[in-house]
Each structure stands twice: as C-alpha cells, then as structure tokens.
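Please look through the structure shown here together with its sequence.

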Amino acid sequence: MADYGTQPRMGFFTDTSVCIGCKACEVACKEWNGVPGRELDLLGTSYDNTGDLGADAWRHVAFVEQPAVELGMPSVGAPEQQGESGMRWLMSSDVCKHCTHAGCLDVCPTGSLFRTEFGTVVVQEDICNGCGYCVPACPYGVIEKRESDGRAFKCTFCYDRLGEGLEPACAKACPTDSIQFGELDELRERAAGRVDALHEAGVSQARLYGDDPSDGVGGDGAFFLLLDEPEVYGFPPDPQVPTKHLPQMWKRAAAAAAGVAGTLVVSFLGRRR
Amino acid sequence: MAEAHPVGFQWVMEAKARGAKIIHVDPRFTRTSALAHTHAALRAGSDIAFLGGLVNHVLANELDFREYVLAYTNAGAVLREDFRDTEDLDGLFSGYDPEHHQYDVSTWAYEDAEALPPAGSGEAELPGEQHSGEGHQSTARAESYGSGGASVGGKPRIDETLQHPRCVYQVLKRHFSRYTPEVVADVCGIPVGQFREIAEAVTANSGRERTTAWVYSVGWTHHTVGAQYIRTASILQTLLGNIGRPGGGILALRGHASIQGSTDIPTLFNLLPGYLPMPHAHQHFGLDEYVTTDAGSTGFWGNMRSYAVSLLKAYWGEHAQPHNDFRFDHLPRLTGDHGTYATVKAQLEGECRGYFLVGENPAVGSANGKMQRLGLANLDWLVVRDLQMIESATFWQDGPEIETGELAGSEIGTEVFFLPAAAHTEKAGSFTNTQRLLQWHHQAVEPPGDARSDLWFYYHLGRIIREKLADSTEPRDLPVQELTWSYPTEGPTADPSAESVLAEINGHGPSGPLAAYTQLTDDGSTSCGCWIYCGVRADGHNHAADRTPGSEQDWVAAKWAWAWPANRRILYNRASADPDGKPWSERKNLVYWDEENDRWTGADVPDFEATKRPDYVPPEGARAQDAIGGAEPFIMQTDGRAWLYVPAGLADGPLPTHYEPFESPVDNALYSQQANPARQTLSTASNPYHPARSAVFPYVFTTYRLTEHHTAGGMSRTLPYLAELQPEFFCEVSPELAAERGLENRGWATVISARTAIEARVLVTSRMKPLQVRGRVVHQVGLPYHWGTNGLSRGDAANDLLSVVMDPNVHIQEAKAATCDIVPGRRPRGRDLLALVEDYRRRADG
C-alpha cells in the first residue's frame, strides 16, 4: 500500500444487519454526483429494480428473499433475524470496493484512474479515453462504460466532498448508519466489535467481507458485514486482482529477456571464437 | 415503519442495538419485518381480535400494573345497571337503533354520574348528551378529543376492590374473555404459539421497571373500526402502566410531514385550532352555549372559554369585544357532515360547485378514485395547488373514465386552475411531527417560476377578496372585513413572513408575547391563534427553531425544537410517578414530587400544576384544574383518569369489539353481528359494495406504501431518480395464490372489485403468506397505491378498487381491508372494462 503521509486511508463499512433497503444511498449518490437516470424497468427481483452496479448506478441495494426451508429442515439464519416463518429478507448496499490492489487502476493506460490522498480510487472524467481496459480488470464487476458516452464511470467516494471535510453522500443519507464512513483502521476495529456483538446475540452467520488485507485484492477500502455467504448477495467469494501476477510476470519476462540477451551475448561470444 | 418512515426507523434500530425486542405485526412481511425479531402475519382487518387477545391475556392472568390501574384509571368506576355489553347482546351494546344504525349512548355512562350536575355550570345535563347522536356522529365530534376525552358530568363512584360486578374492571374482563389465543388464531391467522410468545414478551416488558411502546400508522386507522383499534391499544397500554412514562405510549406515525400540525391547526371541517370544536348551527347560538356544551367543567378543558376567546381575538382583533360575544357569530357553523367523502357526494349531486385541492391528489390517493373523478368533473371550478401536474388536475384529459368513455373532455364543465406550489425548501415555516414537536425550516432558495408558498397564496387571496369587499355593506361580508389580516411580506415574491404567523399563533397579552397557555384569559386581554401552541415563541424567541444537538443536552433533549403543550415531551407524565409522587422505579424516573422545594420536577416539564401536592384533594364544587386531585395525572379528562372504558364520546361502543371488515371473506367468529353496526356507508351509483363472504370476490386485498414513493405519487413518480427505483405499479401475491390463479412473476394481473378492474405487474413472493382463518385458507393481495396515469413511473391506481365505507367516529375510509378477485393478464380497455366489472357485480349480487 502506498504511503499517504499524514492523511489516513478512508473507507466505508457497510453493516448490512441494519440496512432497511430504503435506497436513500442510491438516490443521494445520483443527486450529488449527477449520475444519469436509468430506463424504467421492473426487474421482478424482489424490490431491486437497479439490478447491478454500473456506469449509472454507483450504489446498488440488493434484496435477497430467503423463504422458510420446509420439510423439517432447520430454518435458515439465526433466530435474531427471522420471523415465525423463518423467512429472511436480506438487504445490502453495494458499492465500488476501492481495493488496496485495484485492477482497474493497474491497467488504466492514460492515468485517468488514480489513487487519491484518501486511499480511494477515482476515474478522472477529463482524462478517460474510453479504452475500457478497466472493465474486465475489476474482480467485482463494478466499473462500466457508459454507452451513450463511451467513458468509464464508477463511485468516486465523493472525492469532491472528502476534500471539503464532508462524508460521502450515501453515508450522509443512510438513516440507520448501515453505511459508515471513516478511517479504515478504525472502521475495521468497529466492524470486528459489531461481529462479536452479533455473535453474542445469536446471529452466528454474521461475518465480514473485504476486511482482510491478505485477501486477493489486499483488502477493500469498502468492506461489509454480511449475514450469509458472499455469493448470496452477489459478491465473488474470493476476489483476485487480475494484475496480481503482473509483477511476477514482469520478473519472468525480465528473466526471459535477460536469458535471451544472455544467449545473444553467448552467441556473439561464440561467434568470436 | 421502515417502509413509510425510514428516517424515524433509525431510532427503532438504535433501540434494537441497545437491547430492545422488536415485534412486527402486519399482514405482509415488509422491510420492517426484515429487521424485527418477530413478524406476526395477521389477516388485514383483524387487529382488534389480536389486541383484544393481549388484553385478555393481561386480565385473565392478572398481569396488569395494579397500583397504576387502581390509582390512575377508571377501572373501579361502576356502570349503570341498564348497560348491556356485546356479551349480552351478541355483538351489540345497549342503545342500538337498527333503523338509523346509531347508538343512544345514555346507558354507557357511569352509574349516578348523571345525578351530578356539572360542577360550576349550575345546570343539570345528561352526561354524554353532547357526545352522541346524529349531530355528534355526522360532525365527527370524536375528533375533537385530540387533546383529552369527552366531558362527563362528574367523577364516577370508584370501587377500590374492583370486585363490583358492574365496575369497569369486571366488565372489561368479561368483555374480552372470549378473545383467547385460539380465537386469535382462528380470526387473525396467528399461530397460538407465536401469539403466546408475543403476549409474554409484552407483559414481561411492562411494569415498574420496564415499559413497552406501540407504534402504528394508517394500517390501524383505515378501517370501519379504526378509532376502536387505537382504543384497544389504549386499554392494553393503560392496564400495563405504559402511558405517561418514558419508553411507553402509543405512537401514531402520521401520513406525511406535519399531518399532526394539520389537526392541531386543522384543515378539517369539524375543528378549530387546538381541538376546539367547530360550532354547530343548531347547538351553539352563542359563546356561552358553545363553551358550556363542549367544555368539561373539570380538568383543563374547564378553561375552554379562555382558549376560545383568545382565538376569536386572534381572528378579529379589536372588533372582538365582550359586548359582541367576541365575534363568535363570525365563525362558520356546521350543519352536518362536511367531510371529504360527504363533499364528494355533494359534488356528484351538484351541491358543491367549487373545490380547492392543496397538496392533495384524490384522483389517486382517496378511496374509490372513480367517484372522486366523477365529482371533480361535476364542478364549476377547481383550484389545484401542487408541485406537479397531478392526476386530479388532468382527469378531464386522460383519466380512466375518458378511456372507458364514461366521461368526455368536451362535456366536462369544470374549469381547472393549476397553480404551482413552492416546496418546503423554498419557504419558511414549521412542521409538527407525531410527538407534537414543532420544527422550524428556513427558506433555502426562492421558488422557481410562478411557484408560491401556501402562505403567499392564502394571504394574497384574502387580501384581494378583502379589497373587493371593502365597500360592501352586506352583513355576511363583515367576518371577512373585520379579519386581522396584516402580515409583513418579504423577498421578491412578497411572501408573508412565516415568523409573524407563528407570533400570532403563539399569542400576546398586555405585556407582549405569551409564555404559556395558562396565561390565557377570557376577558379579551389575550390573543392566541392556537392555545396548545402558546409558548412556542415565548419571549419573542422562535423555540421551534432551537437546534441544540442531542450530544450537548440530556436525553429528554428539551432544547431541540419545541413540543406542545409547554415544551412537554411526554404527555400525562405525572403518571411516571406513583400516587405519592415518587418514581415507580429509578430506571423509569421522569417526573416526581420534590418535597423539599414543594414542587414537581424532573427531566421533562411536568404535565401537572407545578405546586399541586400529590395529596391534594379537590374541595367540594371545585372546577377546571382545581377539580383534579394531586394523584390524578390525566388532567385533560374531566375525571382526571385514563379511560379503560369510554362512558361518552364514541359512536360505536364504549369498548372495542372485533367486527369483520365491511367486505370480508369470512364470518365473524365472535358474534353474529358481522360488521361494525354503526359504520357509515355512502350510497351512490359509483360506490357499490361487495356482499360479505362473496365467492365472486374471494381474496383479501390491502393497500400500502413503499419507501421509494410518496403517497399519491406527485412528489416521487415525477422524479427520475425515485421513479426508477419502483418503475411501475405492481401487486404482491404468495407463490400459493400465484399457483391457484396462474399468475407469473413479472407478468400481468387484473385485480377486480365491484368498483373497477385495474392491472398490475406481478411480484410472486414468499413474503405474502396464505393464512389459516375460520378453518380455511385466506389469500391476501398486496397493492401499493402510489400510481396513476401521470409522471414517469405510471400505472393504475390501487385505490380505484376501494369502496367508501367509513368509521363512524372520524369518517375515515376502510382502505386497508377489502375483497377482490385476481386473474392473470392485462385488463380490458374501453367499454370492455365496464362490461367486465358489470359482469362481476351481477354475479356477486346474484
């Protein structure tokens, strides 16, 4: 991780155990950032009509309905989170993860994507040339090209607000503090405490996602407390930055190149003989 | 609550984080259920059976907070010998008149109370006389009890042993004895085990050390027995000692911003500011009659004359003088029911020729949209003030009746004036929320274009009318000519100063702004626009604008905005202490008697006279607050007690009784009386009803809101960012009902009632659950009601399916439980739609 001087790395801790699915984060994000509206489409997937993160959806609330398991099977979830029927309705506000090892940033040829002094990853709209390399480089499928425009867009972590000492619009609008903004180190501590408290209250399925600096992206700047497996919410279970092996590849390439050069030298030497 | 009040729900989440147990009772599994510990799915319209079951659980097991009940409620009051309960009359109370569907309530009174002349009045009056009958019911008098119950003729005889067979406690016990867990299961569809769990949780969490709060929204009020829903909760909370104490109470979440404010300073036909009743043409010939018939002679309503005179002074200033009854004659008079639905009927009959719609979209938001639109189409003129071009302004152009051919734009004579309104950010003013908190908002920007504030509209309308009438010598114009109508205007639009209006509401006396309603007098020396708001601008400071953060003050947070009355945060908080004035427990300490300093004190402003000792006994003949004893916390009641039993003031019974919704798929399990016998129906061609237990309309439907949209949609369906979140009208059905009717997720369904048929996209979800009721499966269809033909997110209006059938106390429509049929596919268009509905109607009636 880069050294940010005295400015600590900032992050999001999204505690889905208190998310009420109000979508205020989606609206606040669009209002502040002027993100275009989408075509109206009833998706038929619970109360989710956003579908996925993309160029025009920088926050996305997932709604997961888990009906009661019949036939005498043990009911899903912890008693804390379910009614008489055992029904659960999980809600979770997804966002760009602002990875420690950000694939999008690694592959950006123009320098449009850059890491800010807050440790966040931002696309500069005036530099992006629309090459789209970043799109497949994101292990979470977050960044996307806007068809009408050609350039790539995603959550900016409200870079303009951060600079003014304001919290991002989504966190500001969240009525239940499901989206918490702060120094990443402090958020990680807070999140660990929250998991312990939930476990104590009998919510045994509570776990953190994206908080581990040793994971495939070096830990997320935006991490989550989930009440089920990541796949249930649409998260990849083991995200890997696609450029993970790039340094080794370069080393091997360098070694190979050196080898070739050596052979050439040898051959030249040989020729001298 | 998470659906309709997501911002307020943060406090529920905070309570949960601090260990509170959250129980959600709702026909549907909503976003609230998702965050609750328990969700109990009950059949829409069966809540009195559920709550009655809890009351029975408390009484049968003697789990009531006995010291509280004995000291502070009318549990020991002895009733008249000729009173008959629903237990005796199979679902009716004594006094029912089957011809007029009304009760004579005289037998509901306390025994001997009628022998007591109202103290101070000098004349004998039958208690309840002014609180019942045709006049009382049609003018929704019950609504004037927004700040204290009906006045009764005197204090009841109390049996301290609670053993008298006719005392309220024993009557209550008998009345609710049949509301067993098994009956609850049979009526509501809540399994016995789950019911017991809830009953035990609620009672275990009530008493000296703990309190339980109930929170409801219009899911409780939109029924033919709506007022009695709240009454049942009141009985439960009073028995458990959960009123007037921190963490207790019954919290009414209002329909939208400042609806509490719109009953405090009302936009209702039957009320004047501060819950003073609107005078009646045939009862209130002068101020004396008005005050005598409606003021309780004991309790704080005993000062009604001061409140009324100060209001008249605010209206007519120097023209209001003792010799002319303070211009009491200038007030309008009621002659009957002038409520919303009665007005619509008057429109249909050609009696009502002009109509103002201000921030209201009845073509979408009111029950039986067709009836609403037919009424609008029969006017001479219609003024619509709204943020957007709503359906109620364009019904003549593209309403559903244009499509069916029932109406033709060219034949509608209504002249529609659309006047764009300013949003709350574009004007200053106050919101009053559900906990009676007045919160000030400052203007942030000027309104765009021709948009203007409501203050601007009414002030300048009044100014122009007054200019036109300035030279009139007609007596009828005098009330307008003499109005105090001078408000300073400001800004580029000449907007009247909202602060000056607040100053008028707060009131003033000889020495400037008033500080408390106790300063109001009846001699004309004080003026006050709303007595319960008196003090909001004490010392000329706008306390509604106080914004000291919670972190910088104690937990009561008295310096955040201002709560009526007197900045009191919990009403009747004298009940937080025991009869001797000591806190019931340290944990629930709020207000207590400080013996050393001889006064009431505590974290909240005491809701009691500060120096009235706990052992004060009223002398013979005392009146107003002097008649309230030192251990009687309910100071707005004539007897100072919380009413488990209501001896006067309600149109449909002194005790809540489970009746089936007017349109119900099942019979009443408890009595042979099927529905509320005093319900109010509205007879007109566009308002046909379903027979009960109709096989043609076999399913229950319930209407509701989603967090993504706002009421009738004018403020949300028009905005791209909100429209995309719920892009069109949909209905919610269980997988079982989907299978039964061949409905597919994301496909189309047509929902049919005798009023009309509408189409909706289908969401098949396990959050909707078939219920076992009366030995059979009852399916419920969920219909969010936000949609109409205008805006970005469009669809048919769910409320078009509803009939208008009302609660007899407050004329609120039964919007939360009715019956329907549902079939796959889109609805027919044009005349074919009418034919389909006609066919259903014929089969239902046949």
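The largest nonpolar core has 293 residues, where a nonpolar core is a set of buried Ala, Val, Leu, Ile, Met, Phe, Trp, Tyr and Cys residues joined through C-beta atoms within 7 Å. Val55(B), Val168(B), Ala308(B), Val751(B) and Cys820(B) are the residues with the most contacts inside this core, and helix 14 (residues 304-316) of chain B gives the most to it, with nine residues. Helices (H or I, at least four residues) and strands (E, at least two) are DSSP runs numbered from the N terminus. In soluble globular proteins, nonpolar side chains tend to be buried together.

This is a predicted model, in which local features need pLDDT of at least 70 and side-chain atom pairs count only at pLDDT 80 or more, whereas totals for chains, interfaces and linings use all residues. Residues are numbered from 1 along each chain as its sequence is written, while chains are lettered from A and ligands numbered from 1 in the order in which they are written.

Chain B has 25 helices and 30 strands. Its radius of gyration, taken over C-alpha atoms, is 27 Å, close to the 28 Å that the globule rule (2.2 Å times the number of residues to the power 0.38) gives for 846 residues, so chain B is as compact as a globular protein of that length. Buried residues, meaning those with 20 or more other C-beta atoms within 10 Å of their own, the C-beta atoms being placed from the backbone, make up 55% of the 846 residues in chain B.

Turning to chain A, four of its strands form an open sheet in the order 8-1-10-9, with mixed pairing; two strands pair if DSSP finds at least two bridges between them. Strand 8 (179-183) and strand 9 (207-209) of chain A are the edge strands, each pairing on one side only. Strand 1 (residues 10-15) and strand 10 (residues 222-226) of chain A run parallel and are joined by four bridges, and Asp15(A) stands opposite Leu225(A) in strand 10 of chain A.

Finally, 29 residues of chain A are in contact with 39 residues of chain B, a contact requiring C-beta atoms, placed from the backbone, within 7 Å. On the side of chain A that touches chain B, helix 1 (24-33) and strand 3 (88-95) of chain A are the elements that give two or more residues, and helix 1 of chain A gives the most, with five residues.

Conventions
Contact = placed C-beta atoms within 7 Å. Buried ≥ 20, exposed ≤ 12 C-beta atoms within 10 Å, placed from the backbone.
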